[in-house]
Every structure is written in structure tokens, then in C-alpha cells.
Amino acid sequence: MERWVYPVTSLRPEDVEQKRVCTTRTPLRGEYAWDAGVAVGRFLTELKAGRLIGRRCRACGRVMIPPRMFCEQCFRPTDEWVPLADTGTVITFSVCTISWDMRRLEVPEVPAVIAIDGASPGMGIMHKLGEVGRTLEEILDRVRIGMRVQAVWKPAGEREGAITDIRYFRPLED
Amino acid sequence: MAGRRVAIVGAGMTKFVRRALETGQELAWEAASKALESCEMTLDQIDAVVLGSAPDAFDGVHMKVEYLSPGAGAWGKPTIRGYVGGGTGVFAAIQGWYHIASGMFDTVLVVCEEKMSSCHPHPQAAFNYIFDHTLERPLGPNLLWIFALEMNAYMTKYGLTKRDIAMVAVKNKRNAADHPAAQLGDPHITIEDVLNSEVLAWPVQRLDVSPTSDGAVAIVMAAEHIARRVTNKPVWVEGVGWSLDTQYWTNRDLSYPTYVEEAARKAYAMAGIREPRKEIHIVEPYDPFDYKELHHLEGLLLADRGKAAELIALGIANRDGDMPVTPSGGLLGVGNPIAAAGLMKVAEIFWQLRGEAGKRQVPGQPRRGLAQAWGDLMQVGTVIILGI
Amino acid sequence: MPLIERIQHLDEVRAWRGTIQLEGVYTAGVAGERWLRGLQEGKIYGTRCPRCRYTYVPARRFCERCLGPLGKDTWIEVGPSGTLVSWTRLHVAPDGTRQVPPRTLGLIRLDGADAVLVHELIDGQEWTSGMRVEAVFRPPAERSGSIRDLLGFRPLSP
């Protein structure tokens, strides 16, 4: 099969940086205002008030978070809002040491999927964990899957109706 | 088997590299012209074109496939874009299959391309925009989060160690050392190298991850009456399947790829396969991260849940083992120009079944192989089964 | 029951603002690299497919009609004069603001070419399809191997 492999012209980073080849740079910058929509719009309003809510489908009985106005399994409208706790269980987590553009972070971030109490089992949201250490080793020592956590909210006056109204989730004292 | 019999009759590809001088169009042309040449066909013998490519943001060209089309031989021909994220490479071959099986066309050129080097500051940045804009992106996520979260869920559920998983990276990068198109083949890499590589998003370390790449792959597919004229070694499409899980990824069981199982069951049923572990001789599961190969082997029902690592540890998955897994070297070794990487796996099964894989040739004249890819928001499984 | 709960108060309408921030760094390709270096030298090249008898400008590496390669022997110089095939005047900038003064863009079929090239029309007041035009290059020291090494096209002096 070697005959059917085309040997491309491979460039080194310096070929581009030192302009040995012609390149064109174009910023792809788009500004958006994404509508939150009906279900998430209400969810954000509740976040501003310091509460988490889910949405129940009476056909399958699931209480869903993030909330949605339709059940994608039953393919019918969901039926009612359900108040949820701001506590939950870590389904999984990571300790991320780099940024989105691949720069190293001084203090790692700890993204996690957290199953929220009051929602159906396994219904999680993505957020971050905090108060769990400042190094990879410390964090791995303190965090485990199955750990109980609670939301740490911004003060009421600083909330804006955003997922970041929860600063992070921290370990729940036993 | 649904519809007419369809065979793959030719394949070609570019070398995979971190950054090519070639434009995306030129990469597509290099692969497409090699594929046509490999079966001594010309563009005027092609009825239709299927073009696969992942997010437009990588190449930085909106409507990327329309841009690529001249290089893929699409001028004046019925052309369709296949796009299911990372699952695209295998899905494009499935689209080629149904174009012909349906009776609509007799010959189809399938081309997949990706030029990720265009995307700055890093191709990973393009993935920021797959997260939910209101509930997830404000948290400042990066793509590695989602993989790291899944890998940790998988490891924890089955008590797997980093060492169990690192064996996959070692096997694939070593296999890739024998692939003439490989970007990251390394015959000497060890488990320690993987375990000692830089932590990116624990448990994901640098050598657990496939590279970003530029490259293209093409195959030629034909209906039976054409295939038998073109070649004495047609490789038949015996089964296909694909399935999508919910986009609400934080509501899924992250330790098991149900969508891959659903896709595999469809493909096995179509191919008349009852005991996949005995009837599939070579597997090319999608391996953008080392744990994904294990995850997918389980979803494909080729290993019990949580037990795929044993196939690697016992050497069963080696090229000379009972069920060779990723003999090409996969995304981890050959490279990962997203859509092209998936079609590379299809091309590998094609070359292996024809006995043309050179130094990578699996012994014992394998007669049936499976290629699988995965993508969208970690939610699609695409499966194709080929046989001779 | 209705699928959509009606939003009663405008302050409940929420949108999340964000920016997609990426930069494309594009290589010109194997043919493009050579073509732009040609512009830098003040030359406009095309590639002619001997089989399809079609000349591409900018030069390409393959013929999209037959997928045959267009190697070094197919490179020919075209222009620098040509015929204006069509033109437009832009009064609105890409961001929606008024373009002052307006820009004029044309499609030019260079002498010896089949494909047309899009570029700026400069130094002219009246443009008509079919009129003869010629390429205007930047001074050599200002050229960088870019499509902008060509300033544009102006009416061909009689």
C-alpha cells in the first residue's frame, strides 16, 4: 500500500513563523447573543435566586437537569418544574492543568459532573469543584467519585442569572 | 443484506503531518487521485462523491466541503457531505455504501479531509464551541475536560489503572512505526514514557492523546458488477450501523458507550454475525485517546465490560494475536486529522483483507474486519464491517 | 398542555453573550505558494490542463475537471491585461456600516486564461463589462507574496 500514500510537504513551525512560506492570517471573530430559551431561561432566573430546578416528564418519571421543555426519550412535552437541592454527588471529575489554548495553569481547575439531589439518578450537570487543594497531588488526595458536594453561591447581589452564579461545588461536611 | 452488494475497490491517502503546505483542497486531491490510481479508474467513471470533514472551524473555512469539492472530484457530480463529528470518517463510507446499495449510483468516490493546522491558537480552541453556550461555556471548558471526565468515570467503575490504559498507547504507536503515512509511530515507546508524560487534564496525559494533524484519505466504492470488473480482490461491505445518544452528555452513563453497542448490533445483524468475538478477525476501533479503544471494544461487544484492557495485556490485541486491534497504529500513532482518521481505519481493513498491508500485515489471512468511529458530542457510534 | 410557557415579563428573556475567537493561519498550498511568489515577481501565472484545454487562474495543482495533475510544464504566464467580465460597487462594509468611499470589485478574464479572477478595480470612473483592463502591481519592495501584491486592475491605456 506504500504506493498509495502521497508524501505531503510537511512544514515546521519556523517555516510559518519566519515567513519562509506565504501564509494569510484571518481572525474568525463572531459575536453572539445566544438566547437561553424557555427551559434554561427559567433555570437561569432560579439560579439568580439561589435555587436549582429540574423538569419532570410524567411519562417516564424522570426529573431532568439541565431542564428541558420536552423529553427527548418520550418525545413529548415535559410536565412540571421540580425544586432541587443545591447538593449532589460527584459522578466524575478531572484535574485540568492547561487552558483552552494549551497554556499551563498555575492552579489546576477541577471540572466535574455532579448528580444533583432531587433529580433522577445519574442526572448531572457540569461544573467545577473548589476548596479541594491547589496542586494535582492535593486534589487527587481529596476528591473522589461518589463524594458529596454542595454549591457555593455568589452573594445575592452579585448574581446575574448565569451558571457562574454558582462559584463552584465544595465537599459537603459529613 | 439490504440492497445491492457494494465493495471497496481502491484506497489512497496522504501522509499525516502536523502542518502541511498543501491546502485542504490539495490534500483531498492527493488522496483522491491516489485512490483512483490504485484501482486504475478515472474521474469520468465515478458517478457520485461523498465528502467527509469535521467542524469547519479547523480548516477555518465555512462550508468547507464545498471548498474542498474540486480536489475530491466533485465537479459536476452529485455530492453530499457526511458529518457526524469524529464519527464522520466511517460514516462517509456508510454513505458511500447506501448511495450504491440503493441502486442510485454504481460508483462513488469517498474523500475525507482535515487541515487542523489552520486553527489558532490551537485546534483545541475550535472545540470550545461544542459546549452548551449558556450552561457550560461560561465555565471556561476545554475539550480535554470531557474526555478526562469520561476516562475517570470508566477507570473508577472498573478499577482500571493508568498502566492498564497506557498499554493501548504503546501498542498503537508501535504499530504505527510500520505505517508509511504515520505522524507519530515509535517502535521503542514504553509504558513508562506514557505514564511520565505531561499531565494535561488528569487522568489524561500527553501520550494518552492523539496528535492534531493535516491529512486526507479516499476510497473508491462500486456496485458488484463494476467491482468484479475493476479488481479481482473486492472487499465487500457486509454490515453497517450507526446510532446517536442524547446530547445531554452529563445525563449519560459515561462509563459505557451504549451508542456504539447500538451501532454494532445493527451492523452485526446485517452481516449475519452471531458471535462477533469469533467472527471478526481484525478491529480498528476509534482511538483518539487510549482509553477510548478499550471503551469501544466493550461497546462493540468484543470484550466484556471493564475487561478490554486484558486483551491488550495478554497480547490478544497485538498484530500477531488472536484478535488484532488497531494494526494500523490508529489515531494515536498514524495521526488524527479527524474525518480522515476514521476513513484511514476503513482503508486499513481494506488493505489488511487484501493482504496488502506490508509490514503491518496481520498473519493468517483475515477474512473479516470492523472499523468504528465515534464523535459528535461524544454521542455517535459508526460501524462498518468489511469482508472478502 | 402547551409546549411553550409564555414569557410574561421582558426581563425574563435571557441571552448569554459570547465571542467566538479563533484565528485562521492559512498556508497557500503547493500551487498557491508558487503562484504568490510569481505575483511577488510581478507575474501572473495560470496552469493549463492539456486534456481539458482549460487554463486556471490562480494556478492550481490539479484539474478539477479530470483530476489530472498540473505539473511544472503546465504553468504559463497570463495577462497582465484582460477583459472585465462583470463588476460591482460596494457601498456597505462587511460589518454593515457604509463603505465610504465605495469599493469596486471586478471579475477579470486575463488574456490567455479561461477562469476569471476577482480583484479590485482602481483608477477608473466608468466600468463596463467587456472593457479592457490591466493589472497594477505594488512597487517590488512592498510585495510580500500575497494577493495584495496586486493593487488591482485599471482601464487599459489605449
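Tutor: A residue counts as buried under 20% relative accessible area, as exposed over 50%, and as partly exposed in between, using a 1.4 Å probe and protein chains only. The model is predicted: local features need pLDDT of at least 70, side-chain atom pairs count only at pLDDT 80 or more, and totals for chains, interfaces and linings use all residues. Residues are numbered from 1 along each chain as its sequence is written, chains are lettered from A and ligands numbered from 1 in the order in which they are written, and side-chain values use heavy atoms, leaving out hydrogens and water.

Student: What percentage of the 388 residues in chain B is buried?

Tutor: Let's start with the build of chain B, which has 14 helices and twelve strands; these are DSSP runs numbered from the N terminus, helices being H or I of at least four residues and strands E of at least two. Its C-alpha atoms fill a box of roughly 50 × 45 × 40 Å along the principal axes. Among the 388 residues, the buried share is 72%.

Student: What is the radius of gyration of chain B, and what would a compact globule have?

Tutor: The radius is taken over C-alpha atoms, and the globule rule is 2.2 Å times the number of residues to the power 0.38. For 388 residues a compact globule would have a value near 21 Å, and chain B agrees with that at 19 Å.

Student: Why is chain A described as more spread out than a compact globule?

Tutor: Chain A holds three helices and 14 strands. The globule rule gives 16 Å for its 174 residues, and chain A is more spread out because its radius of gyration is well over that, at 22 Å.

Student: What share of contacts in chain B, between residues at least 6 apart in sequence, joins residues at least 24 apart?

Tutor: Contact here means heavy atoms within 4.5 Å. For chain A, where 51% of the residues are buried, the share is 50%. For chain B it is 77%.

Student: Which residues touch the most other members of the largest nonpolar core?

Tutor: A nonpolar core is a set of buried Ala, Val, Leu, Ile, Met, Phe, Trp, Tyr and Cys residues joined through side-chain atoms within 4.5 Å. The largest one has 172 residues, and its largest share, twelve residues, comes from helix α14 (residues 338-353) of chain B. The members that touch the most others are A:L129, B:Y268 and B:V346.

Student: Which residues does B:V346 contact, leaving aside its neighbours within four places in sequence?

Tutor: With those neighbours set aside, the partners of B:V346 are B:I8, B:V90, B:A93, B:I219, B:A371, B:I384 and B:L386. A second, separate core of 34 residues has among its members B:A35, B:C39, B:V220 and C:L67.

Student: Is B:G87 buried or exposed, and what is its relative accessible area?

Tutor: B:G87 sits in the loop between β3 (79-82) and α4 (88-101) of chain B. Beyond four places in sequence, B:G87 is in contact with B:A373, B:W374, B:G375, B:V380 and B:T382. B:G87 is buried, with a relative accessible area of 0%.

Student: What relative accessibility does C:E134 have?

Tutor: C:E134 lies in strand β8 (residues 132-137) of chain C. Not counting residues up to four places away, the residues it touches include C:P80, C:S81 and C:R154. C:E134 counts as buried, because its relative accessibility is 16%.
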